[in-house]
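Please keep the sequence and the coordinates in view while reading.

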Amino acid sequence: VLTIGDTLSGRLSGVLGRPVYLFLVSGKGGAFNLTSLLQPEPDGSQSFRFGMNSAGEDGSVPQMIVAVTTRSRLVTANAARNGADVAALMPIIETEIQTSSSEAAASIQYFRLDN
């Protein structure tokens with residue numbers, strides 16, 4: 001559980017130099033591309049850190065961090081506009097992964113943002 005103004009930080013291990021795409025999914029289902037916040041670490045992992053704000057949502061709001069890694073770059077993930085409907089975006093990314101015959105892995109972490 002985080003509150004507005006808290007900092008969310010994390011580390012992605014085992015990426016082995018592969019492309020990684022990081023998204024925050026809001027309680028309203030909007031996907032926000034956080035990939036530019038990833039910082040390479042000496043051990044090969046990647047870390048991220050950012051402050052939380054309410055984005056106009058009141059009360060306790062569920063949030064998710066979604067990390068996707070592939071063997072090849074994804075055009076769709078990089079082109080996604082912030083706030084895109086995650087229910088529409090993820091199937092498009094999945095289709096791109098399948099048509100490129102690239103291996104991929106994903107990790108999802110849930111947290112709650114309290115006002």
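This is a predicted model: local features need pLDDT of at least 70, side-chain atom pairs count only at pLDDT 80 or more; totals for chains, interfaces and linings use all residues.

Asp 114, at 16% relative accessibility, counts as buried.

The strand pairing may be considered next. An open sheet is built from three strands in the order E2-E6-E5, and the pairing is antiparallel. Strand E2 (7-12) and strand E5 (39-40) each have a single partner strand and stand at the edges, so one side of each is left without a neighbour in the sheet. E2 and strand E6 (residues 46-51) run antiparallel and are joined by six bridges; Leu 12 has Gln 46 in E6 as its bridge partner.

Further pairings involve strand E7 (residues 60-70). Strand E3 (residues 20-25) runs antiparallel to E7, with six bridges between them, and Val 20 stands opposite Thr 69 in E7. E7 also pairs with E9 in the antiparallel sense, over eleven bridges. One of the facing pairs consists of Thr 70 and its bridge partner Ala 104 in E9. Strand E7 is mostly covered, as eight of its eleven residues are buried.

The largest nonpolar core has 16 residues, of which Leu 8, Leu 22, Phe 50 and Ile 65 touch the most other members. Two or more residues come from each of E2, E3, E6, E7 and E9, and E3 gives the most, with three residues. The surroundings of Leu 8 illustrate the packing: leaving aside residues up to four places away in sequence, Leu 8 touches Leu 2, Phe 48, Arg 49, Phe 50, Met 52, Ile 65 and Phe 111. A second, separate core comprises 13 residues, among them Tyr 21, Phe 23, Val 86 and Ile 97.

Met 64, Ile 108 and Tyr 110 form a nonpolar patch on the surface, and together they have about 310 Å² of accessible area. Tyr 110 belongs to strand E9 (residues 104-114) and is exposed, with a relative accessible area of 56%. In general, side chains in a regular strand alternate between the two faces of the sheet.

Which charged pairs complete the picture? A search of the whole structure finds three salt bridges. Arg 11 is partly exposed at 48% relative accessibility, whereas Asp 43 is exposed at 58%.

The side chains of Glu 103 and Arg 71 meet in a salt bridge as well, at 3.4 Å from N to O. Glu 103 lies in the loop between helix H2 (86-99) and E9, and Arg 71 lies in the loop between E7 and helix H1 (75-79), so the pair ties together parts that are 32 residues apart in sequence. Glu 103 is exposed, with a relative accessible area of 54%, and Arg 71 is exposed at 54% relative accessibility.

Terms used:
Residues are numbered from 1 along each chain as its sequence is written. Side-chain values use heavy atoms; hydrogens and water are left out. Patches are made of residues with over 30% relative accessible area and no salt bridge: like charges are joined within 9 Å, nonpolar side chains (Val, Leu, Ile, Met, Phe, Trp, Tyr) within 5 Å. Accessible areas come from the Shrake-Rupley method with a 1.4 Å probe; for residues, only the protein chains shown count as cover. A salt bridge is a side-chain nitrogen of Lys or Arg within 4 Å of a carboxyl oxygen of Asp or Glu. Helices (H or I, at least four residues) and strands (E, at least two) are DSSP runs, numbered from the N terminus. Buried means under 20% relative accessible area, exposed over 50%, partly exposed in between (1.4 Å probe, protein chains only). Two strands pair if DSSP finds at least two bridges between them. A nonpolar core is a set of buried Ala, Val, Leu, Ile, Met, Phe, Trp, Tyr and Cys residues joined through side-chain atoms within 4.5 Å. Contact means heavy atoms within 4.5 Å.
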